[in-house]
Amino acid sequence: METHDSIIDLDNNATTPVDPQVNEAMAACQALGLANPASQHTAGQRARRKLEDLRDQICGHLGGRRTPGSADQLIFTSGGTEANNLALHGLAGSPPGRVIVSAVEHPSIQAPADALQACGFEVIRLGVNTSGVVCCQQLAELVTPETRLVSIMLGNNETGVLQPMREIAQLCKAQGVYLHTDAVQAVGKIDVNFQELGVSALSLSGHKLHGPVGIGALLARSTPTINPLLRGGHQQQGVRPGTESVCLAVGLERALALWRDQVHARDQQLSLTRDRFETSLCRQIPQVVINGGGAPRLPHTSNVSFPGVDRQLLFLALDQAGVACSTGSACSSGATEPSPVLRAMNLPQTLLETALRFSVSVHTTHRQIDLAVDRIVSVFNHLRRDLPAKNRARSGRHSGTKTL
Ligand SMILES: Cc1ncc(COP(=O)(O)O)c(C=O)c1O
């Protein structure tokens, strides 16, 4: 195998490179030396007007409503984790009551759900099928008059599997229950329209869509009262006190505008890149399994099991070979346990213990994909050669969710 100084980044679900146009817009804003948007003097008012214009524009990119009187609320946060925490704590109200989350949520939903349980809510984890999709019928049975909040992600960060959000939204609407969706991996990749989805609130994060790290948002309808997590200021109607960064909001707006300008082309380009990766990998290593591959998926995420090869060993060897990927969610990296998402999909142990996540961006070239597959095949064959013969026999072909 060649040695490489060039690392091929197939870990774009962890973070994405900032678009140069986003950097330019933020630098121009920084050069303005804007005042604190909460200051009452003229310079402060100027900064506030700019921030409110950005709020309107961002809301527009996401398909939110800005009509006076019934305008959707756009609350800036530090990122997706904070937006998810704010949604769960802010929308559930006070106990008792039922909160339903899916079993495949990101840790930034699972942990606040645990906290809600500890303070007296009944928290139910809605299971998924072997493709990673929740069952709407089961959800319908679980949504009771006591239910305060349902939170189900739009697209999964480990498998890319999409949930039937419109159906879920209809169901929640019929029962008058708030529905939040974690759209952190979906916004910037596929067409996401807040009004059309029919959810009550949606989380997003700047650095997942070629925007800056340090800003995200919770977009919510006008009606839910969102209880703050933080205290000590009047910014953002007291829902999220603390000085807002106009420059980060500029970066988020630019990143969203670039996505909105070419939303369908982007989706198509990502799908082509991901499909090239999966097809080529499956041709050269026929025993690999694409987890969740049979379900509708986000176009940039591939979760692949390599039966017979330990995922940690494979991950480390790929890192050395110049392919950056992930053993799961970036927020649980360091954890050696198999992914709770794949466990919830009831995958057999041989697939659970051998799964890695690869995620592409619009900057990933076909040449990089071909090179990455070459490196993966070479590393896989090398590790397989070192396996004792009995393990090799055990790790034959699997009937997983999709083999190409
Ligand atoms: C689905 C999902 N939700 C939430 C987050 C957290 O976002 P942030 O890194 O902006 O806190 C992530 C990050 O990986 C994610 O993939």
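**Figure 1. F306 and F380, two buried residues of a predicted model.** Both F306 and F380 are buried in this predicted model. The centres of their rings are 5.9 Å apart and the planes stand at 45 degrees, so F306 and F380 form a tilted pair. F306 belongs to the loop between β10 (301-305) and α10 (311-321), whereas F380 belongs to helix α13 (residues 366-385); the pair therefore ties together parts that are 74 residues apart in sequence.

**Figure 2. The aromatic pair of F277 and F358.** The structure holds three aromatic pairs. In one of them, F277 and F358 are tilted, with 5.0 Å from centre to centre and 50 degrees between the planes. Because F277 lies in helix α9 (residues 263-284) and F358 in strand β12 (residues 355-359), this pair ties together parts that are 81 residues apart in sequence. F277 and F358 are both buried.

**Figure 3. The cluster of F277, F306, F358 and F380****.** Ring pairs link these four residues into a cluster. Among its members, F277 comes from helix α9 and F358 from strand β12, while F380 comes from helix α13.

**Figure 4. The charged end of R221 and the ring of F194****.** The charged end of R221 sits over the ring of F194, at 5.5 Å from the centre of that ring.

**Figure 5. The charged end of R260 and the ring of W259****.** In this view, the ring of W259 has the charged end of R260 over it. The charged end of R260 is 4.4 Å from the ring centre of W259.

Note on methods: Residues are numbered from 1 along each chain as its sequence is written. This is a predicted model: local features need pLDDT of at least 70, side-chain atom pairs count only at pLDDT 80 or more; totals for chains, interfaces and linings use all residues. Side-chain values use heavy atoms; hydrogens and water are left out. Rings of Phe, Tyr and Trp (its six-membered ring) pair if their centres lie within 6.5 Å; planes under 30 degrees apart count as stacked, over 60 as edge-to-face and the rest as tilted. Helices (H or I, at least four residues) and strands (E, at least two) are DSSP runs, numbered from the N terminus. Buried means under 20% relative accessible area, exposed over 50%, partly exposed in between (1.4 Å probe, protein chains only). A charge sits over a ring if NZ of Lys or CZ of Arg is within 6 Å of the ring centre and within 35 degrees of the ring normal.
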